[in-house]
Amino acid sequence: MPFKTVNSKALFYTNTPSTSSLPNRHTTLFIHGLGSSSCFYSTIIPSLTSQTRCIALDTPGSGLSALGSKEQSIKTIAEDALSLLDALDVKEKVVVVGHSMGGIVASLMAEMFTDRVKGVVLLGPVNPAEGLRDVFGKRVEVVKAGMSLPR
């Protein structure tokens, strides 16, 4: 199983090469939502490999990626995703696909890394209003509690 250590975190990822014979390289990065994993994209990626190389990661504390000891935020997840691209020697601008919370990460990546992101695709993105802060806080606590269970 492929892991890369970036920013002192071991991240699990999948790297599915493009089957295209076109000379222009295209790469798409997939970021899942809260409480999910890169497996969310397992049914989507096979239909895209004729056009693009597909990289999907388990964000820290999700799927097979350990949470680590540092506090996580949307910004640190975006930085980890970019560091993974660097570790995989992806030089071209990428399209970032984000589902739910991954949509927030994808949007931030597009804002922070304009020289590395050429577009975003947002699937059911969330932008929680102030009134929903408690609801999302409870979801985060449920996810954290689930991570402390033995696997």
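This is a predicted model: local features need pLDDT of at least 70, side-chain atom pairs count only at pLDDT 80 or more; totals for chains, interfaces and linings use all residues.
View 1. Residue numbers start from 1 along each chain as its sequence is written, and side-chain values use heavy atoms, with hydrogens and water left out. Helices (H or I, at least four residues) and strands (E, at least two) are DSSP runs, numbered from the N terminus. Walk along the sequence and you get β-β-β-β-α-β-α-β-α. Of contacts (heavy atoms within 4.5 Å) between residues at least 6 apart in sequence, 75% join residues at least 24 apart.

**View 2. The largest nonpolar core, 24 residues.** Such a core is a set of buried Ala, Val, Leu, Ile, Met, Phe, Trp, Tyr and Cys residues joined through side-chain atoms within 4.5 Å; buried means under 20% relative accessible area (1.4 Å probe, protein chains only). Leu29, Ile31, Ile55, Leu57, Leu85, Val96 and Met109 have the most contacts inside this core. Two or more residues each come from β2 (9-16), β3 (27-31), β4 (53-57), α1 (74-87), β5 (94-99) and α2 (101-112). Helix α1 gives the largest share, 6 residues.

**View 3. Close-up on Leu57 and its contacts.** Skip the neighbours within four places in sequence, and Leu57 still touches Leu11, Phe12, Tyr13, Leu29, Phe30, Ile31, His32, Ser38, Ala81 and Leu84.

**View 4. A second, separate core of 6 residues.** Among its members are Phe30, Ile45, Ala56 and Val97. Across the 151 residues of the protein chain, 38% are buried.

Terms used: Buried means under 20% relative accessible area, exposed over 50%, partly exposed in between (1.4 Å probe, protein chains only).
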